[in-house]
Amino acid sequence: MTSLIIRAKELLENKTVQVVIGYEAGPTGVARPAFITDPAKAESLIYDERCVQNLAVYLTKREVKNIGKMAIVATLPVMRSIMMLISEQQLFADNIVVLGISADGKLLDIADNKVMQGYIEKSDLSNPEKYKGLLTEFNKLSPEEKFLYWQKELSKCIKCYACRQACPMCYCTRCTVEVNQPQWIPVKANTHGNMEWHILRAMHLAGRCISCGECGRACPVGIPCHLLTMHLTDQVYNYFKVYAGTSEKMSSVLSTYEPNDKESFII
Amino acid sequence: MSDFEPKVVAFVCNWCTYAGADLTGTSRIKYASNVKIIRFPCTGRIDFMLLLKAFANGADGIIVSGCHPNDCHYTSGNFHAKRRWIMFKELMDFMGVDMNRVTFSWVSAAEGAKWADVVNTTVTKIRELGPYVSYKELVNKSVEEEVKND
Ligand code: SF4
Ligand code: SF4
Ligand code: SF4
Ligand code: FES
């Protein structure tokens with residue numbers, strides 16, 4: 001993508017940013033994250049259908065932040081992650097340049113956060129089509145079938161926490177799974193403990209998940225754990241009519257309330 | 001199943017439901033003795049993980065209760081709790097955990113009779129549903145898995 005390379009080079013040359021976070025092709029042709037600090041190396045940046053990882057996860061990593069001001073190649077989920085991180089005071093708008101990529105893979109001109117907000121607002125923020133069908137099918141199962149399904153899936157979990165590491169919103173320096181006084185989640189992997197871990201993770205992402213699907217992609221044993229958070233994304237919209245990551249001012253659904261929130265099960 | 005006695009754990013806030021349950025007692029209203037009450041400062045403090053721990057430790061049913069909206073001692077703990085309960089319930093339904101076994105309610109310090117009612121209704125319901133076998137099996141299986149993996 002020449003326009004992307006030219007823009008990245010320019011930003012590095014005139015020292016607007018010190019690092020460009022993007023994708024490059026690895027030795028086997030698989031896209032991998034690239035951290036470009038030298039304008040001469042901007043050539044290696046790529047953007048095509050192989051580039052699916054949500055790069056926003058690196059924006060809160062000290063090793064990257066410490067390089068200086070950052071530019072990032074950002075598709076819609078990445079832009080929404082950036083909004084979430086700013087709204088949660090994990091990132092400063094002044095410290096970042098967004099190299100927006102449209103749904104059809106073109107470089108967007110995102111001059112500032114206002115422009116980005118405008119772009120996000122006119123995009124479809126519901127779960128991606130390929131997951132919608134799965135969620136609808138899954139919701140048709142009986143409670144017993146659902147329980148068995150998750151037992152089967154979660155029995156495979158080896159508690160590697162890749163799903164957490166891959167998620168831009170899981171930036172806690174001390175995750176609850178590492179808290180041992182009290183020990184909320186057993187250290188060893190077993191089906192029940194794994195289920196508790198996934199309930200905890202999904203609850204922490206309720207109203208914060210921006211439906212990038214990265215957690216599920218990161219899982220080495222193929223557990224569709226993104227369906228849990230994406231289901232809650234649907235429910236957050238259903239009850240509260242909001243999607244996460246739409247403005248830098250928003251508070252996530254579970255950190256705020258409306259006195260007249262509606263439910264039908266409290267007696 | 002006739003000798004099945006439901007185990008019900010109630011997570012209640014100190015300022016309304018706990019006081020309400022006290023009133024049930026001082027008013028000499030009789031109600032099912034299957035419930036074990038655990039007192040919290042506020043519904044806002046009742047972590048959803050605690051409900052899971054109750055099931056894991058053998059509860060067949062759970063009650064979560066606090067001050068009516070606008071009556072929370074800390075102004076908004078129950079409003080936050082309400083949103084959390086909504087999300088928790090939806091997630092549990094999605095994972096097939098039986099939310100018919102969990103009663104959410106608002107019981108004020110003046111509602112001694114309502115507390116008796118909430119407990120009785122829950123216990124009757126759990127009696128019909130029977131012990132939470134599938135959850136207990138999951139927990140037991142997990143203990144075996146740990147032994148096997150050691
Ligand atoms: S699972 Fe929860 S505690 Fe752990 S990193 Fe994610 S949000 Fe933080
Ligand atoms: S929970 Fe999964 S789908 Fe949601 S933002 Fe995190 S990585 Fe993306
Ligand atoms: S990435 Fe997969 S195996 Fe690893 S902790 Fe998450 S669900 Fe479990
Ligand atoms: S003190 Fe009772 S709900 Fe907050």
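Mentor: Contact here means heavy atoms within 4.5 Å. By that rule, 42 residues of chain B are in contact with 46 residues of chain A. This is a predicted model, where local features need pLDDT of at least 70, side-chain atom pairs count only at pLDDT 80 or more, and totals for chains, interfaces and linings use all residues. Residues are numbered from 1 along each chain as its sequence is written, chains are lettered from A and ligands numbered from 1 in the order in which they are written, and side-chain values use heavy atoms, with hydrogens and water left out.

Trainee: What makes the area between chain B and chain A "buried"?

Mentor: Buried area is the accessible area (1.4 Å probe) that two parts lose on being put together, summed over both. For chain B and chain A that comes to about 4200 Å², with carbon and sulfur atoms giving 71%.

Trainee: Why is the meeting of Arg83(B) and Asp261(A) called a salt bridge?

Mentor: The term asks for a side-chain nitrogen of Lys or Arg within 4 Å of a carboxyl oxygen of Asp or Glu. The N to O distance between the side chains of Arg83(B) and Asp261(A) is 2.7 Å, so the pair qualifies.

Trainee: Which elements of chain B give two or more residues to the side that touches chain A?

Mentor: They are α2 (48–56), α3 (77–95), β4 (102–106), α4 (112–129) and α5 (133–149) of chain B. Helices (H or I, at least four residues) and strands (E, at least two) are DSSP runs, numbered from the N terminus. The largest share, 16 residues, comes from α3(B).

Trainee: How do you know that β1 and β2 of chain A pair?

Mentor: Two strands pair if DSSP finds at least two bridges between them. Strand β1 (residues 19–25) and strand β2 (residues 31–36) of chain A have six bridges, in the antiparallel sense, so they meet the rule. Tyr23(A), for instance, has Pro33(A) in β2(A) as its bridge partner. The two strands form a hairpin with five residues between them, and Gly29(A) in the turn has a positive phi of about 90°.
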